[in-house]
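Q: Could you walk me through the labels on this one, and what backs each of them up?

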Amino acid sequence: MASYPVDPRQPDAAYLSFWRERHLCTLTTLRPDGTPHVVPVGVTYDPEAGLARVITNKSSAKVGHVLAAGADGARVAVCQVDGRRWATLEGQAFVRTEPERIAEAERRYAERYERVPSPNPSRVVIEIELRAAMGRG
């Protein structure tokens, strides 16, 4: 099994299938001092839109890190691992507050993780505009 780059908009079937399985993931953001902040999250992957999505609370540190990066977004990575299989998605993250974007992220989360997220009036979605992907399938 070799590591390989993946086109994030046109992944092969095995890579996409791995992202549809239920796995806990990590999100890596950068603190203002440049050190990495890595936290567990649920992630959904939408290659057709070129997006990965993370639902979260607007007061979370990860949201603060993305917002601190400014209007051009924050460089981030999300990753999941299962034994020798792993997959990473990289891109520019933006915090979205529009109800329709949050609803779409919640719908995709419920589909992947087989549970509807609890209502949260403070929920936002971190949308990651994908620039690169890699993994070992």
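A: Helices (H or I, at least four residues) and strands (E, at least two) are DSSP runs, numbered from the N terminus. This is a predicted model, where local features need pLDDT of at least 70, side-chain atom pairs count only at pLDDT 80 or more, and totals for chains, interfaces and linings use all residues. Residues are numbered from 1 along each chain as its sequence is written.

Q: What makes strand 2 and strand 6 a pair?
A: Two strands pair if DSSP finds at least two bridges between them. Strand 2 (residues 25-30) and strand 6 (residues 74-82) are joined by four, running antiparallel, so they pair. One of the contacts sets Thr26 against Cys79 of strand 6.

Q: How do you know that strand 6 and strand 7 pair, and in which sense?
A: Nine bridges link strand 6 to strand 7 (residues 85-96), in the antiparallel sense. Ala74 sits opposite Ala93 of strand 7. The two strands form a hairpin with two residues between them, and Gly83 in the turn has a positive phi of about 65 degrees.

Q: Which element gives the largest share of the lining of the largest pocket?
A: Helix 3, with three residues.

Q: What makes the lining residues nonpolar, polar or charged?
A: Ala, Val, Leu, Ile, Met, Phe, Trp, Tyr, Cys and Pro count as nonpolar, Asp, Glu, Lys and Arg as charged, and the others, Gly among them, as polar. On that basis, the lining of the largest pocket has five charged, three nonpolar and one polar.

Technical notes: Heavy atoms only, no water.
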